[in-house]
Amino acid sequence: MQNLKIAIYPMKIAWADPEENLRMVSTMASQVPSGTDILVLPELFSTGFVQDFHVVSSISESVSGMTMTNIKELSQRYGFAIAGTFLCRVGEQIFNRCFFIEPSGEETYYDKHHLFSLGQEHEVFSAGNRRAPILRYRGWNISMIVCYDLRFPVWCRNVGQAYDIMLVPANWPSSRSYAWKHLLIGRAIENQAIFVGANRGGSDDFGDYDNTSIMVDGLGKIVSRSDDDGELIYAEFNRAELVKIRERLPFGKDADEFSIDLL
C-alpha cells in the first residue's frame, strides 16, 4: 500500500476513569471515515497520568483486561489499527505500555523506557528494557515510542532507516509545546521519517494540552495539527514520496554506527 491515512484523537481524558474514556473512544471510532488505516490515541488514554501508586494499582490491567479487549474489538470492527498506551500490570510491576493493535488481531507492545522523573513517574512505573519494535503494517515499517522518549535522540535513531513512521503517544503540556513541536520536527528531519505526535486534549494537574497534536513528514514539515475542539485530525502519507526524500538526500548512508546496551 503506497498511501497510508492516519488519524489522531486528541481526546480530553477523564482522570482515572477507564470506563468513560473507553466510551469516548468507542463513540469516536464509529465516526472515523472509511479508508483510515491507523487511529492513534494519547498516552494513557484510558486513565490519564496518575501519580498515586494505590490508585494506579487499582486501575491498572493486564493485556487481557477490559482496556485492551475493547481496543481489539474496535480495531476488528472498523478495520483500522489502533495505537496508544495504557497502565499495564505485570505481576508486581506496572508499565506505561504502548500498543499497536491490528484488525487481524496482531498485537505489538512497547514499554516506555524513559520515565519522567520531574513527574515522579519512576516512583510508580517500571521502565521498559527493550528497544522500540519495528512492525510491518500495510507495506509500511512502523515504530513507536512514548512521550518523554522523544527527548533522547539516540533512542529514536533510525538505524539503517528501518522505520518509515514513528508513533509518539504523549501527555505533553502546552507550557512545553515549543519543545514538543520542535523535537518532533527535529526527529523527523534527522531520521527522514514521518513522526506522529498524538497528544491529549483538555487539562489535568500538570497543565493544559490543547492544540498540540502534530503530524510531521519526512522533511520535517507539519502536515496536520489539532485545534482546541478535541476532534479527529488526519494526514495521508505516500511511501514513494518518503523513498524519494531518502534517495535525493541520502543522509542515512553517512550516519554513525553505534549500539545501545540495556541493563
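This is a short walk through a predicted model, from its nonpolar cores to its pockets and then to one arginine.

Let us begin on the inside. In soluble globular proteins, nonpolar side chains tend to be buried together. Here, the largest nonpolar core has 46 residues, and within this core F100 and I142 touch the most other members. Find F100 in the structure and look around. Leaving out residues up to four places away in sequence, F100 touches I38, A81, I82, A83, E106, E107, T108, L135, Y137, I142, M144 and L167. Another core lies apart from the largest one; it has 23 residues, among them V32, F80, C88 and I101.

Now let us turn to empty space. Rolling a probe the size of a water molecule over the atoms shows where empty space is left. The largest pocket has a volume of about 260 Å³. Its lining is made of 16 residues, and F116, C147, N171, P173 and R176 are the ones closest to the centre of the pocket. What kinds of residues line the largest pocket? Nine are nonpolar, six are charged and one is polar.

The second largest pocket holds about 200 Å³ of space. You can trace its lining through F95, R97, Y109, Y110, D111, A127, G128, N129, R130, R131 and P133. Two elements, β4 (93-101) and β5 (107-111), each give two or more residues to this lining. Which of them gives the largest share? That is β5, with three residues. Sorted by class, the lining of the second largest pocket has five nonpolar, four charged and two polar residues.

R131 sits in the loop between α4 (121-124) and β6 (134-137). Is R131 buried, exposed or something in between? Its relative accessible area is 33%, so R131 counts as partly exposed, a class that runs between 20% and 50%.

Who are the partners of R131? Setting aside neighbours within four places in sequence, R131 is in contact with Y110, V154, W155, R157, I260 and L262. L262 is 131 residues away from R131 along the chain, yet the C-alpha atoms of the two are separated by 8.6 Å.

Key
Residues numbered from 1 in each chain as written. Predicted model: local features only at pLDDT ≥ 70, side-chain atom pairs only at ≥ 80, totals over all residues. Heavy atoms only, no water. Core = buried A, V, L, I, M, F, W, Y, C linked by side-chain atoms within 4.5 Å. Buried < 20%, exposed > 50% of the residue type's maximum accessible area, 1.4 Å probe, protein only. Contact = heavy atoms within 4.5 Å. 1 Å grid on protein atoms, 1.4 Å probe; cavity = no way out; pocket = protein on both sides within 12 Å on 5 of 7 lines; lining within 4 Å. Points joined across faces, edges and corners; volume = space filled by probe spheres on them. Nonpolar A, V, L, I, M, F, W, Y, C, P; charged D, E, K, R; others polar. Helix = DSSP H or I, 4+ residues; strand = E, 2+ residues; numbered from the N terminus.
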